[in-house]
Amino acid sequence: MEQKQHDLGSTKLRRDRQNESQAEKGQSILWLRWLIAAVFFILVALLLMALIKCGDQPAATDELPIYLSCPDDNHPHLIDLGLPSGTLWACCNVGSRTPEGFGGYYAWGETAEKSDYQWSTYAYYNSNSNTPMDEAVNIGYDIAGTEYDAATVNWGDQWRMPSSDQSHELIYNCSISWTTRNGVRGQVVKGANGGSIFLPAAGWRHHAVIDSVGVKGGYWLSTCHELHPIYSTRMVLRDTTIVYGLLRYFGQSVRPVSVISAKTVVD
Ligand SMILES: [Zn+2]
C-alpha cells in the first residue's frame with residue numbers, strides 16, 4: 001500500500017515537473033514570439049521613417065524629366081518656360097506637393113517655419129544694433145545653395161532659391177495673369193514656349209498673422225538688398241508682378257529653381 005502511494009506520489013511529481021517544464025517551454029515560446037513581433041515592428045517603423053524621410057525631399061533635378069506643365073500628380077516637376085538663361089522653375093512651393101498649395105512661410109535665411117515673425121524671433125537678428133539699418137546679421141549677399149537657402153535645405157542640393165536676376169528674367173519673358181485654380185487665387189506665368197507655372201497668392205506672415213492671402217503673394221529671392229541688407233529681395237504678386245525689397249524677418253513663400261538648366265540638358 002505504501003509502495004503504491006509512493007509510486008502515485010512520484011508519478012504526480014513527474015507530471016508536475018512535466019507540467020512545469022511545458023509551462024516554461026510555453027513561456028519561452030511566448031517570449032520568442034514577442035521578441036520576433038517587437039523586431040518586426042521596429043523594422044517596419046524604421047522602413048516607414050526612411051520612406052517618410054525620402055518623401056519629404058523631391059528627387060534630384062538631374063533625375064527629373066523636363067516638362068512644359070505638370071504631367072501628373074507626382075510634384076514637383078521641372079518646368080521649362082523657354083527662358084533665355086534656360087532656368088527651370090519648380091511647379092510648386094517649398095513645403096507643398098501641389099502647385100496650388102501655399103507651402104511654408106520662411107523668414108529670409110531661415111529654413112523652417114515658426115509661429116511668430118518679427119525681429120526678435122529672427123535667427124539673424126543683431127541684438128546689439130545701434131541703428132535700424134544694423135538690425136540684421138550679414139549672412140551673405142546671395143544665399144542660393146547655402147545653409148540659409150530654404151529650397152536647398154528642404155529639397156536638396158540641386159534646388160535653389162531664385163536670384164533677383166532669375167526673377168526679373170521670369171517677369172520680363174513671360175505673360176503673367178491672375179486666375180483661380182482649384183479654388184486658389186494666384187498667377188499663371190506662361191513662357192513663350194507654352195510652358196507655364198502657377199504661383200499661389202499665399203500672402204505673407206508678419207508676427208503671427210498671415211496677410212493678403214488670395215490677394216497678393218510674396219516670394220523670397222536669394223539676394224539681399226545691396227545697400228540696405230536688412231532688406232532682401234522678393235517677387236511680389238500684385239496688379240503688376242515686380243521685384244521689391246522687404247524686411248528680412250517677414251515669412252514668405254519660396255519657389256525653387258533648379259541648378260540644371262534647359263541649356264545644360266543633353267537629350
Ligand atoms: Zn508638378
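This briefing covers the nonpolar core and a few backbone details of the structure above. It's a predicted model, so to speak: local features need pLDDT of at least 70, side-chain atom pairs count only at pLDDT 80 or more, and totals for chains, interfaces and linings use all residues. Residues are numbered from 1 along each chain as its sequence is written.

**Core**

- The largest nonpolar core has 47 residues, and Met161 and Val254 make the most contacts inside it. (A nonpolar core here is a set of buried Ala, Val, Leu, Ile, Met, Phe, Trp, Tyr and Cys residues joined through C-beta atoms within 7 Å.)
- At least two residues of this core come from each of strands E2 (78-80), E3 (87-90), E7 (196-200), E10 (217-224) and E11 (231-237), and from helix H2 (150-155). (Helices, H or I with at least four residues, and strands, E with at least two, are DSSP runs numbered from the N terminus.)
- Leaving out residues up to four places away in sequence, Val254 touches Asn93, Val94, Tyr106, Ala150, Ala151, Met161, Tyr219 and Trp220. (Contact means C-beta atoms, placed from the backbone, within 7 Å.)

**Cis peptide**

- The His75 to Pro76 peptide bond is cis, with omega near 0 degrees.
- Pro76 sits in the loop between strand E1 (66-67) and E2.

**Positive phi outside glycine**

- Asn182, in the loop between strand E5 (174-181) and strand E6 (184-191), has phi near 50 degrees.
- Asn182 counts as exposed because it has 11 C-beta neighbours inside 10 Å. (Buried takes 20 or more other C-beta atoms within 10 Å, exposed 12 or fewer, partly exposed in between, with C-beta atoms placed from the backbone.)
- Ser212 has phi of about 65 degrees and lies in the loop between strand E9 (209-211) and E10.
- With 16 other C-beta atoms within 10 Å, Ser212 is partly exposed.

Terms used:
Contact = placed C-beta atoms within 7 Å.
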